[in-house]
Amino acid sequence: MSIRWKIVLIVVPLILATLLLTGVSSYFSASNGITRVAKDFLGFKAQELQNQAESQWRLLVDNNLTDKPEMVSATQAAVEGYARSIVRSATELIVAVGEDGGIRMSTSALAWQGDEQAVVAGLVKARSTDLVTVSMGGKARVAKGFWFQPFGWYLLVSEERAAFYDMVNQIAVRTVIILVGAIVGGVLLVLIFASYLTRPLTRVVGTMKEIISTNDLSKRVVVEYHDEIGALAQTFNLMVNGLEQAYREIKGFALKAAIARTREKKIKELFQVYVPQEVIDQVMKNHGKVVPEQEVLCIMFSHITNFSEVALHIAPDELVQSLEPYFKAMVDSIEDRGGMVDKYITDAVMAFFGAPVKKEDDPLRSVLAGIDMTEALREFNRRRESSAQKPFNVSVGINRGLVTVGTIGTEDKMSYTVIGDPVNLASRLSGLTRVYRQDLLFSESLHHAVKEAVQCRLLDSVAVKGRKKGVKIYTARRRLEKAEMDCWGQHNLGMTEYYERNFTQAASYFRDALKAMPGDSVAAMLLERSQKYSRTPPPDEWDGVEVMTHK
Amino acid sequence: MKEIISTNDLSKRVVVEYHDEIGALAQTFNLMTGKLEQAYREIKGFAFQAVLAQRQEKRTQTLFGKFVPENVIHEHFANPEESLVGDNRVLTVLFSDIRSFTTISESMSPENLVYSLNKYFESMVAPIIEHKGIVDKYIGDAIKAFFGAKADPAHAENFGLEAVRAGLEMMEHLVTFNVAQAADGRPEFKNGLGITYGVVTIGNIGTEKKKEYTVIGETVDLAEHLESLTKEYKQPLIISESLHYKVKDDLPCRLLDSISWRGGRSLKIYTARRALAPREKEAWAAHDLAMAEYFEGKYAKAAGYLRDVLKILPGDHPAALLLERCAQYMKTPPKVMQAS
């Protein structure tokens, strides 16, 4: 229920009560006054009539004419005449009745109806002098009576009840009219006032509800009054301001967060292209670095042996484009086998297997990746040659050994990489391919892990530049042609004899190998060496190691 | 109501006692307070998230920056489309390597090696960064860096000079580094620097999966080659002929030799110093005179100047080397004249 109705509910009953009380009290005082005057008047008339009748009768008594019926009748007529003279209006009636209630005299025509005569007879019998209301001739009348013994009459001075109370009724009607008018006026005034009083409040509430339901925070409540409602509106506006600002701030922060997240995502995506995801994850987890640790890894180097030559024929900026498919072939082969590409060194690719994620068969994976790379390169070169471009001669060197792997460098330049001697050997092996004319070389550290899975050929035992210790080097193929199979078989037998210093026997195996594969450069090289050693045997400390003086 | 606003205690509510305008008002007010409270809570949440996201972004970016030059990020955001296009630019390339690192590393425990190497890199990288260079990568113990990629093309900056200054500072830093190494009982490092100036292809090289922001090209190979020559000439720093033109007005330079480079071209090679002692100055001047005569084929005259150099600086290796060569050429003149 709204305040308006509350005010109406409180104020209207107040007005009503006041007005009703006033009305009723004035009605009663007015009607009392009027009734009393009318009663007195009626009483006075009755008194006068009685006096008249008594004085007339006393005249008869004084003259001793009481026993003369004609005189009594004349007196009765005089009384009747007097009665007629005091009747002022048609509504007044003076009547005389006998002991039985029968009419003896009447100022205007009257006939009893119903039990009226009996009621009047009751009054006569009681000799009532009270003001009574009786029905006479079908009309309610206010009457005052008295018994006049000499005549045996009961005289009733009466007035029609309606006429008797006419003024009172008029007062009542007027009072009611005034009351109703006052009430209606009052209620209307109250209503108008209440609505005037609550309008700003309603408006404030309306605007508030609108703001809340539409969430349109740009709206404000109009501050119209400098009263409580004005203060309320202002307070509310303050709150809306606060809310609007809060939402703006939320939006601002949300936007900032979203921008930062998008940027971070982009940076991460970009980052991933430069540094493998596993490394990023580890680095993130370990507060910006991965403490270098000693691990046995397989390190791989691959480079384009004729790169300077190839590069000469390509415009430098086009070089990047033409290197792209080469790098793609290399990177895909390495990553497909679970290796991690460490870096590019111009045309060279450095990669390792076993970090950041270690797998049991990393050695085999690395050699298989090497085979994949050489195969992919053959395919790549077929495409290049078909478009009359120089082929890229690639060479892959793989070595396995204990290296230090982790983030190395400074705050300004960090690298997740491997260092250690085995890394250098891998690099050197990649460089040795031109000596042995093989596109894949790996050290004996990998041989035992792969010999069951792929075809291997022992090529030599070498000490790379700057090193005394020799290492056996192998190449491998996924599968061999018949001729190759024979060649490699004879060659491997030859190598065994060669290390046993059975150089003549070795030479014959190498010759067989050459028979199977004429022009095989490794067999030819070993044959030559075996022949040389069979003529002039090497010193006793010879262990089959060829010392390389070039990188 | 005012109490709530003035104290900002949004957990308070106006008690809704009546179902009239005042009640509606109180309810509205409560709704509003509820929203405000929620909004403030959300602000806190969002602000926290924003800070978190920004910190995370910064962290990632910082981490990224450690591994990859900042240029990559900036160029990527400025120009996301062209990420695998090589750009031919004139830059300065610096190559540094530790002499006989393999031998040194064999004598050290892996922990010691990593520690020393990190310290070494720290002292070497600082001058590069300071002179606006970008460390391209570490290759084992070698450092490959380039200068001029950050330079504003409109702002003619002598990044050639910056690179040589960085190189000289690296030599100075190495001395400090070796003092510390010796104090810790760790082996000293010796290194060589090759710096060249010329056209390189710079860009994000590789494939979609694995890229590297690097420089390639002949200028890069030459820098590596010059670095390898430092052993032969017993000079810590060798710069190319083209770079020499960029720095000769600012730094004392010494012509070391003319070498044969790809395609049979001959290139002069120089070394540089920050400053020279008076005796060195004199010796270097005599050396330059000798070189002029040497290239003219006047080996006897050249030998005379070279002897002067050796008199001022006994045991000076480049002079001794040239003197030996002059003596040889005086006996048997070279078949093909060294181009001057």
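**View 1. Helix α10 of chain A and the residue after it.** In this predicted model, α10(A) is followed by A:A388, which has a positive phi near 55°. Helix α10 itself covers residues 362–386 of chain A, 25 residues in number.

**View 2. The contact between chain A and chain B.** Chain A brings 81 residues to the contact and chain B brings 79 residues. About 7800 Å² is buried between chain A and chain B, with carbon and sulfur atoms giving 69% of that area. Three residues, A:M239, A:Y274 and A:K413, supply 11% of the area that chain A buries against chain B, more than any other three residues.

**View 3. Salt bridges and polar contacts across the interface.** Four salt bridges are counted between chain A and chain B. One of them joins B:E57 to A:R263, with the closest N and O atoms 2.7 Å apart. Polar contacts across the interface of chain A and chain B number 20 residue pairs, both residues of each pair being at pLDDT 80 or more.

**View 4. The side of chain A that touches chain B.** Helix α6 of chain A, residues 228–274, gives the most to this side, with 28 residues. Sorted by class, the side of chain A that touches chain B holds 42 nonpolar, 17 polar and 22 charged residues.

Key. Residues are numbered from 1 along each chain as its sequence is written. Chains are lettered from A and ligands numbered from 1 in the order in which they are written. This is a predicted model: local features need pLDDT of at least 70, side-chain atom pairs count only at pLDDT 80 or more; totals for chains, interfaces and linings use all residues. Side-chain values use heavy atoms; hydrogens and water are left out. Contact means heavy atoms within 4.5 Å. Buried area is the accessible area (1.4 Å probe) that two parts lose on being put together, summed over both. A salt bridge is a side-chain nitrogen of Lys or Arg within 4 Å of a carboxyl oxygen of Asp or Glu. A polar contact is a pair of N or O atoms within 3.5 Å; within protein, one must be able to donate a hydrogen and the other to accept it, and residues adjacent in sequence count only if both atoms are side-chain atoms. Helices (H or I, at least four residues) and strands (E, at least two) are DSSP runs, numbered from the N terminus. Ala, Val, Leu, Ile, Met, Phe, Trp, Tyr, Cys and Pro count as nonpolar, Asp, Glu, Lys and Arg as charged, and the others, Gly among them, as polar. The expected span of a helix is 1.5 Å times one less than its number of residues.
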